[in-house]
Amino acid sequence: MKPIISVKNFTKAYGDFTAVNDISFEVEEGSIFAFLGPNGAGKSTTINTLCTIFEKTSGTLIIDGKDASTQKSEVRSSIGVVFQDSTLDAKMTIEENLKMHCVFYHVPKKEVEERIQFVLGLVDLLGERKKLVSALSGGMKRRVEIARGLIHYPKVLFLDEPTTGLDPQTRAHIWEYILKLQKERNITIFLTTHYMEEAEICNKIAIIDRGVIVAHDTPYALKKEYTKDKAYITTRNGPELERLMSQYEVSYVRKEGYYKADAEQIDRLLQVISLQKEDITDIEIKKGTFNDVFLEITGKKIREEE
Amino acid sequence: MNTVIALWMRGLKAFVRNKTGLIFSLIFPFFFVYVFGAIFKNDYIDNPISYMLSGVIITTVFESSLNLASSTVDDMVSGFMKEVLVSPAKRLAVAVGQLLSAATVSTLQGILILFIGLFIGIKFTTWITPVLILFAMICVGMVFSGVGLFLATKVRSGQTFQIIKTAVTMPLTFLSGAYIPLAMLPNLLKYIAYVNPMTYATAFFRMIVLEKTSLTNAELVKEGLAIDINGFIVTPVLSLIIILLIGLVFIILSTNSFVKTDFSRLNRSSNDASALWG
């Protein structure tokens, strides 16, 4: 597959401060790509430069074969952007916002109505099209923005923290729309997030910290590489369990009331368990999470909330 | 071109929908007409209501065009301008759209006051007068839309801008002869009034409304319709030329400045703005 976004040696500096330092990555057409990192890591700077709003300091950023710094107008036509904060006109209705967007993006007049139907259908807002944006809830506004970002049929949709500040139910819905979209229109989706569980849905992830990409792979591969499955065992006979685990070379940590054992070599752990099954009262196997990946790579936990 | 029309329509819709704003924009002018009309009843002015109304109409057009064009700042703060600027729409078209919508809405406000004025004392003897009035209002609307947009591209924070705007409009309004005849001002303020573009806009507009186009220079000065700067008489026609020149300069400056402004540097009022703008 050919890459639709290709970034080479991109650097962005503000005076002495280097926000993004010499990063390179590619995004395949039709995939969902996530930029993951804490606030201030350089996610938004990168997305804003790709969207032609910021000027780069050096490097090349190519979207759909066009240069984001020299062919701004062409790039703008082929991308849709949903920013972190609302950019809707609150004094206008949903329909008016969409129509105005169609004008800005030169959508042929006779197609406008059909497209409004399509995008509003996608985000379940067909019934509210005459409502003023100021009367909508936060989640609805975000859905309108996603609909608007799509109405000119962009090749790449940028979503800067699309679900930040939304309740879990709305977040789940937004993700439903994003996935539906990727399937139905084969759009490439480039998003930034600091929610770990969201990153796992994506095809590829780049973890960015202090302006540098510290890991870049599929969620599965990243987890495989950076996390270990753990078993949480509660037993009535601690010393015996410890003895068995040492004997079968299962590494473990003793915690308050339970043992945390390495579950990567599951055959050895199973032998320990079968030998001690009378005394063990509870076992829980936990798969590695993206938090662990992040912790492992950057040495710090990602902040879950702002 | 479509972008210009879309933004122009947007301004008109916002104006029509804002009913409270509309009512208040009509209350204040008539309050001023009443108060100042009562205070400055004097022998120089034979038709105080028309005299005051003409001043009030033109200051309304002035203030509202300045306010509306500079409300581009609000569009930046609310984020809407970001949506516009990340689109392939031409920036020049965006600037022109903002200018036209501000000029149109402010002219409409002027027309509304004029319309009510017809019932309380303004009288025209020829049909040319309303046409000239419309022309003058559109001119003044465009000129100060240019000034407003120019200011908008120069600010970095929404809050400071409110203060700057009041600091600019208040003296320009009160030292223009619209409410207080220039002859009554102390010398220092008079000199400030001479460099105030609104002084010339008011003089020109008032001459049209009062239908004094046929007076001699001396008579015009006596009625406060021409400005006498130490013997140099600025006739209403010269006033118009001054205004149009200032307008041209600001329209060019503002569109140019708008096209070049790096809006990503604007300090948005919300706290996570710094995160948003990297």
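Okay, a definition before anything else: two strands count as paired here if DSSP finds at least two bridges between them. Hold on to that, and remember throughout that this is a predicted model.

In chain A, E12 and strand E13, residues 259–262, pair in the antiparallel sense over three bridges. Within that pairing, A:Arg254 stands opposite A:Tyr259 in E13(A).

Now zoom out a bit. Those two strands belong to an open sheet of four, in the order E12-E13-E11-E14 of chain A, with antiparallel pairing. Which strands sit at the edges, each pairing on one side only? That would be strand E12, 252–254, and strand E14, 280–286, both of chain A. From one strand to the next, the twist averages 20 degrees.

Two helices of chain A go with this sheet. Helix H9, residues 238–247, lies across strand E11 (230–235), E12 and E13 of chain A, and runs at about 15 degrees to E13(A). Then there's helix H10, residues 266–275, which lies across E11, E13 and E14 of chain A at about 170 degrees to E14(A).

Okay, next sheet. Chain A also has an open sheet of six strands, with the order E6-E7-E8-E3-E9-E10, and here the pairing is mixed. The edges are strand E6, 79–82, and strand E10, 212–217, of chain A, each pairing on one side only. The twist in this one averages 15 degrees from strand to strand.

Let's look at the E6 end. E6(A) pairs with strand E7 of chain A, residues 156–160, in the parallel sense, over four bridges. One bridge to know about: A:Val82 has A:Leu159 in E7(A) as its partner. Helix H5 of chain A, residues 138–150, packs on the sheet there, touching E6 and E7 of chain A, and its direction makes about 170 degrees with that of E6(A). Over by E10, helix H8 of chain A, residues 219–226, packs on the sheet and touches strand E9 (204–209) and E10 of chain A; the angle between the directions of H8 and E10(A) is about 105 degrees.

On to charges. By the rule used here, we get 19 salt bridges over all chains. Take A:Glu161 and A:Lys43, whose side chains meet in one at 2.8 Å, N to O. That pair links distant parts of the chain, 118 residues apart: A:Glu161 is in the loop between E7 and helix H6 (168–185) of chain A, while A:Lys43 is in helix H1 of chain A.

Last topic, the interface. How much area is buried between chain A and chain B? About 2,600 Å², with carbon and sulfur atoms giving 56% of that. On the chain A side, A:Arg76, A:Asp85 and A:Phe104 lose the most area to chain B, and together they make up 23% of what that side buries. In residues, the contact takes 31 from chain A and 28 from chain B.

Between the two chains we count four salt bridges; B:Arg17 and A:Glu96 make one through their side chains, at 2.6 Å, N to O. There are also six residue pairs in polar contact between chain A and chain B, counting pairs with both residues at pLDDT 80 or more.

So which elements of chain A give two or more residues to the side that touches chain B? Helix H1 (43–50), helix H2 (72–78) and helix H3 (94–104). H3(A) gives the most, with five residues. And by class, that side of chain A has 13 nonpolar, 11 polar and seven charged residues.

How values were computed
Residues numbered from 1 in each chain as written. Chains lettered and ligands numbered in written order. Predicted model: local features only at pLDDT ≥ 70, side-chain atom pairs only at ≥ 80, totals over all residues. Heavy atoms only, no water. Contact = heavy atoms within 4.5 Å. Buried area = accessible area lost by both parts, 1.4 Å probe. Polar contact = N/O pair within 3.5 Å; in protein donor to acceptor, adjacent residues only side chain to side chain. Nonpolar A, V, L, I, M, F, W, Y, C, P; charged D, E, K, R; others polar. Axes fitted to C-alpha atoms, helices over the stretch in contact; angles between N-to-C directions.
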